[in-house]
Amino acid sequence: IDVGGGESVLVDYLIKLNYLNISVLDISGKAIEHVKSRLKEKALSIEWLEQDVTQFATKHSYDIWHDRAFFHFLTDHESRYSYVQVLKNATKKNSYVIIAT
């Protein structure tokens, strides 16, 4: 899952490298629609999730959690705590978590 993926091109590269089961989570529906438009029919193979990460609930368990810039927007303790709880609930044991700040 690419958290806060927005208009990032990471998903483009993952598709080119033939990765499967890709999810992109972003609070902005406009950003998601922009990327879908850019990817055209390739966007159909992606799971697009428009939601606030601190309230994100999923039935999936992810092997890789990638967040290139979102965590630093969470400046209060409650939001950061919620983020960490969501991350723990959404990732598998021994998964990879990549967070850039």
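**Figure 1. The aromatic pair of the predicted model.** The structure, a predicted model, holds 1 aromatic pair. Its members are Trp65 and Tyr83, arranged edge-to-face with 5.9 Å centre to centre and 90° between the planes. The pair links distant parts of the chain, with Trp65 in strand E4 (residues 62–67) and Tyr83 in helix H3 (residues 77–90), 18 residues apart. Trp65 has 0% relative accessibility and therefore counts as buried. Tyr83 also counts as buried, because its relative accessibility is 1%.

Figure 2. H3 is made of 14 residues and reaches 20 Å from its first C-alpha to its last, close to the 20 Å expected at 1.5 Å a residue. Ser79, Tyr83, Val86, Leu87 and Ala90 are the buried residues in H3. They cover an arc of only 100° around the axis, so they lie on the same side of H3. In an α-helix there are 3.6 residues a turn, so residues three or four places apart point the same way. His77, Glu78, Lys88 and Asn89, on the other side of H3, are exposed. The packing partners of the buried residues of H3 are E4 and strand E5 (91–99).

**Figure 3. The N-terminal end of helix H3.** Asp76 caps this end of H3. The cap is formed by a side-chain oxygen of Asp76, which lies 3.3 Å from the backbone nitrogen of Glu78. Glu78 itself is among the exposed residues of H3.

**Figure 4. Strand E4 and its pairing with E1 and E5.** Strand E1 (residues 2–3) and E4 run parallel and are joined by 2 bridges. Within E4, His66 is the bridge partner of Asp2. E4 and E5 also run parallel, with 5 bridges joining them. Ile64 stands opposite Tyr96 in E5.

**Figure 5. The surroundings of Ser8.** Ser8 is placed in the loop between E1 and helix H1 (10–16). The relative accessibility of Ser8 is 15%, and because buried means under 20%, Ser8 counts as buried. Its side chain reaches the backbone nitrogen of Leu10 at 3.0 Å. Leaving aside residues up to four places away in sequence, Ser8 touches Asp2, Val35, Arg38 and Arg68. One of these, Asp2, is the bridge partner of His66 in E4.

Terms used: Residues are numbered from 1 along each chain as its sequence is written. This is a predicted model: local features need pLDDT of at least 70, side-chain atom pairs count only at pLDDT 80 or more; totals for chains, interfaces and linings use all residues. Side-chain values use heavy atoms; hydrogens and water are left out. Rings of Phe, Tyr and Trp (its six-membered ring) pair if their centres lie within 6.5 Å; planes under 30 degrees apart count as stacked, over 60 as edge-to-face and the rest as tilted. Helices (H or I, at least four residues) and strands (E, at least two) are DSSP runs, numbered from the N terminus. Buried means under 20% relative accessible area, exposed over 50%, partly exposed in between (1.4 Å probe, protein chains only). The expected span of a helix is 1.5 Å times one less than its number of residues. The arc is that of the directions from the helix axis to the C-beta atoms. Contact means heavy atoms within 4.5 Å. A polar contact is a pair of N or O atoms within 3.5 Å; within protein, one must be able to donate a hydrogen and the other to accept it, and residues adjacent in sequence count only if both atoms are side-chain atoms. Two strands pair if DSSP finds at least two bridges between them.
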